[in-house]
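Hi everyone, thanks for coming.

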Protein chains: 2
Amino acid sequence: MARVVPETHDDILAAAGRRFALTGYRGTSLQDIAREVGCSKATVLYHFANKEAILTELMAPAIAVLQALDERIAAHRGAPAQRVAAEGFVDLAVRFRREIALLRGEFPELLQQPAFAHIQRISERLVEALAGQSERPSARIAALVLLAGISETCGQFVDVPDEELRCALLALARRALEPVD
Amino acid sequence: MARVVPETHDDILAAAGRRFALTGYRGTSLQDIAREVGCSKATVLYHFANKEAILTELMAPAIAVLQALDERIAAHRGAPAQRVAAEGFVDLAVRFRREIALLRGEFPELLQQPAFAHIQRISERLVEALAGQSERPSARIAALVLLAGISETCGQFVDVPDEELRCALLALARRALEPVD
DNA sequence: CACCGATCTGACCGATCGGTCAGATGCTGA
DNA sequence: TCAGCATCTGACCGATCGGTCAGATCGGTG
C-alpha cells in the first residue's frame with residue numbers, strides 16, 4: 001500500500017477518540033482503532049509506543065487545563081477557593097466533555113496507572129476545595145457526588161450547547177455545594 | 001481433595017463480591033475468584049453457569065428493590081413522584097452501596113448486556129421522575145448528575161453510618177433537584 | 001458391598017489481547 | 001541513479017480470558 005498521508009498519526013488519534021468514546025478505553029482494542037483508520041495494528045504501534053500513549057496524548061490538553069486550575073485554586077482560600085474550583089471545574093467539564101467521556105467510568109482504574117498518578121492528587125485537592133475545606137462529611141459527600149456526577153455524565157450532553165450546559169452545571173453546583181463556614 | 005463444605009456456592013459469591021469491589025467486574029477473572037475461595041476455576045463454573053451469573057445473583061436483591069421503587073414511582077405524578085424517586089433512590093444507594101460499588105463505573109457497558117436491559121429502562125424512568133418530568137435540559141442534567149454521582153460514589157462511604165449518609169444524600173438531592181413546575 | 005449423584009479438578013480449547021519484528025514499499029536528496 | 005529514510009505490513013509471540021470436559025473422589029443409600 002502506498003504511503004497515503006503523513007497525517008496518519010492524527011488520523012489514529014481521531015479514530016481512537018471516536019472508539020474510546022463509544023466503547024471506553026478498555027473496551028477498545030488496537031485492532032478496533034486500526035480498522036477504523038483503515039491501516040494495520042502494526043501501523044498504530046509504529047506511530048504510538050503503546051496503547052496508553054494514545055490515551056495520554058488524547059488527554060494531554062485536558063490535563064494541562066486541569067493542572068492550571070489546580071494552581072489557580074491553590075492561590076485562594078475559603079469561599080473564593082470554592083468558587084474558583086466550581087467554576088473552573090464546570091468550565092473544564094464542558095470544554096473537554098468529549099475527552100472526559102472517553103474514560104467512561106474507567107477513571108478509578110486508569111488513574112491508578114503511574115502516568116496518571118498526579119491527576120489523582122489533583123482530584124483530591126479539587127474535592128477538598130469544592131467541599132470548602134470543611135471536615136463535615138456532608139460537605140465532602142456533596143463535593144464528591146458533584147465531581148463524579150459531572151465527570152460521568154457531561155459526555156452525554158453533546159447535543160446541548162456549551163453555554164447552556166455551563167450555566168446549568170454551574171447553577172447545579174451552586175445549589176448542591178454547602179457554603180463555607 | 002475432600003468435599004469441604006456444601007457452602008461453596010456462597011463462598012464463591014462472597015469472594016466474587018470482595019474481588020469485584022476491589023477491581024471491578026471486568027478487572028476480576030474467574031481465576032481470581034477461585035484463588036480467593038481456594039478452589040479451582042472449574043469449581044466456580046460448576047456452581048455458576050458463567051461469570052455473568054455470579055454478577056446477577058450478587059445484584060439480585062438490589063435489583064428487586066429497584067424494581068419495587070420503579071412501581072412505586074409509577075403510582076405517583078408530579079412533585080410526589082419526584083419525592084418518592086429521590087427518597088427511594090437515596091435509600092437504595094445507601095442500603096446497597098456495596099453492591100453498587102461492585103460495578104465501579106462499569107454501569108454503561110454492563111447495562112447493555114441483555115440480562116440488564118430492563119434496568120436500563122428503569123434508570124431512564126428514574127431520571128425522568130427526578131427531573132420532575134420537566135422538558136428543561138437543566139432539570140434533566142441535574143437529575144442525571146445526581147443519579148450518576150451517587151451511584152459512582154456511594155460505595156466509597158463505607159465508613160459513614162447509614163443514617164448519616166442517608167441524611168446527607170437526601171439533603172443534597174433536595175438542594176440539587178429543581179422543583180417541579 | 002455396590003452403586004449413584006453431587007462435588008471438584010487438571011488439562012485443554014478457541015478467542016482475543018497488547019506488543020514485536022523482519023521485511024516490503026515508495027519518497028527524497030545527493 | 002541509488003542509498004537512505006520514513007512508513008507500513010503480515011506473521012508471529014506469550015499471556016490471559018471465559019468456558020468445556022472427562023474423570024477422580026467423596027458421602028449417602030439400597
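So, how many residues of chain A are in contact with chain B? There are 30 residues of chain A in contact with 30 residues of chain B, where contact means that the C-beta atoms of two residues, placed from the backbone, lie within 7 Å.

Before we go on, two housekeeping remarks. This is a predicted model, in which local features need pLDDT of at least 70 and side-chain atom pairs count only at pLDDT 80 or more, while totals for chains, interfaces and linings use all residues. Residues are numbered from 1 along each chain as its sequence is written, and chains are lettered from A and ligands numbered from 1 in the order in which they are written.

Back to the side of chain A that touches chain B. Helix 7 (107-111), helix 9 and helix 10 (162-176) each supply at least two residues to that side. Helix 9 gives the most, with 12 residues. By type, the side divides into 17 nonpolar, six polar and seven charged residues. Here Ala, Val, Leu, Ile, Met, Phe, Trp, Tyr, Cys and Pro count as nonpolar, Asp, Glu, Lys and Arg as charged, and the others, Gly among them, as polar.

How do the copies sit together?

Now the fold. Chain A has 10 helices and zero strands; these are DSSP runs numbered from the N terminus, with helices being H or I of at least four residues and strands E of at least two.

Is helix 9 of chain A enclosed or open? Of its 17 residues, 15 are buried, so helix 9 is largely enclosed by the rest of the structure. Buried means 20 or more other C-beta atoms within 10 Å of a residue's own, exposed means 12 or fewer, and partly exposed is in between, with C-beta atoms placed from the backbone.

Finally, A:Leu146 touches A:Leu130, A:Ala173, A:Ala176, A:Leu177 and B:Gly149, not counting residues up to four places away in sequence.
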